[in-house]
Amino acid sequence: MDVIFKCSQCEQELSVDSTGAGSEIQCPSCGESIVIPPPDPQAAPAAPPPGPINAMAAAAAAKEEKHFAVPIHDRPTENLIGKPLQPLEAAAKGAIRLRVKTIRHSDCVEVGKDHFDEVVTAFLEKTGETNVVTVSTFNYTHQDLGTRAWVTDYGAFIVYRG
């Protein structure tokens, strides 16, 4: 059985198991030292009525009485719930999006004909001069599958707004 009482300092309603009667505790709201009073003999639980028992009505959750009181403070309390940060996806929608396009020379050679310049030019025209941030060249080495020889090649690295 619980002992329900109020703090003499802040009037916070507290509930403690009756085995703690007579012991001294600190009020969780104001920190005042409180002696737990003895249980009220008039608050003894009533005997259940005879007859069939409804399991849901007899459950502990159904019988639980809740006593809430809002503590009153003399100074403003700190805000424990802050505004969450904006998700990265939402932040990216409002910002400038940069994209990267890599064009390798070896990918532009068909049946002995070199189309590298045409592919780069077509991409730059499609993107538009105002959207191109930078165009850089690079060299790389790869192994030719047919001859198993190492071949050095080049390409273009394009950063653009998109």
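Residues are numbered from 1 along each chain as its sequence is written. Because the model is predicted, local features need pLDDT of at least 70, side-chain atom pairs count only at pLDDT 80 or more, and totals for chains, interfaces and linings use all residues, while side-chain values use heavy atoms, with hydrogens and water left out.

The protein chain has a mean pLDDT of 81. This score is the predictor's confidence in each residue, from 0 to 100. A value of 70 or more is reached by 81% of the residues. Among the elements of the chain, H4 has the highest mean pLDDT, at 94. The lowest, 60, belongs to helix H2 (residues 60-63). Helices (H or I, at least four residues) and strands (E, at least two) are DSSP runs, numbered from the N terminus.

Helix H4 covers residues 116-127. Its 12 residues should span 16 Å at 1.5 Å a residue. The expected span is 1.5 Å times one less than the number of residues. The end C-alpha atoms lie 17 Å apart, which agrees. Four residues of H4 are listed as buried: Phe116, Val120, Phe123 and Thr127. Buried means under 20% relative accessible area, exposed over 50% and partly exposed in between (1.4 Å probe, protein chains only). Viewed down the helix axis, the buried residues of H4 fall within an arc of 65 degrees, so they line one face. The arc is that of the directions from the helix axis to the C-beta atoms. Asp117, Glu125 and Lys126 are exposed on the other side. The buried residues pack against strands E5 (98-104), E7 (113-114), E8 (132-143) and E9 (150-161). Contact here means heavy atoms within 4.5 Å. Just after H4, Gly128 adopts a positive phi of about 95 degrees.

Three aromatic pairs were found in a search of the whole structure. Rings of Phe, Tyr and Trp (its six-membered ring) pair if their centres lie within 6.5 Å; planes under 30 degrees apart count as stacked, over 60 as edge-to-face and the rest as tilted. Phe116 and Tyr154 form an edge-to-face pair, 5.3 Å centre to centre with 80 degrees between the planes. Phe116 is buried at 9% relative accessibility. Tyr154 is partly exposed, at 36%.

Phe123 and Tyr160 also pair edge-to-face, with ring centres 5.2 Å apart and planes at 75 degrees.
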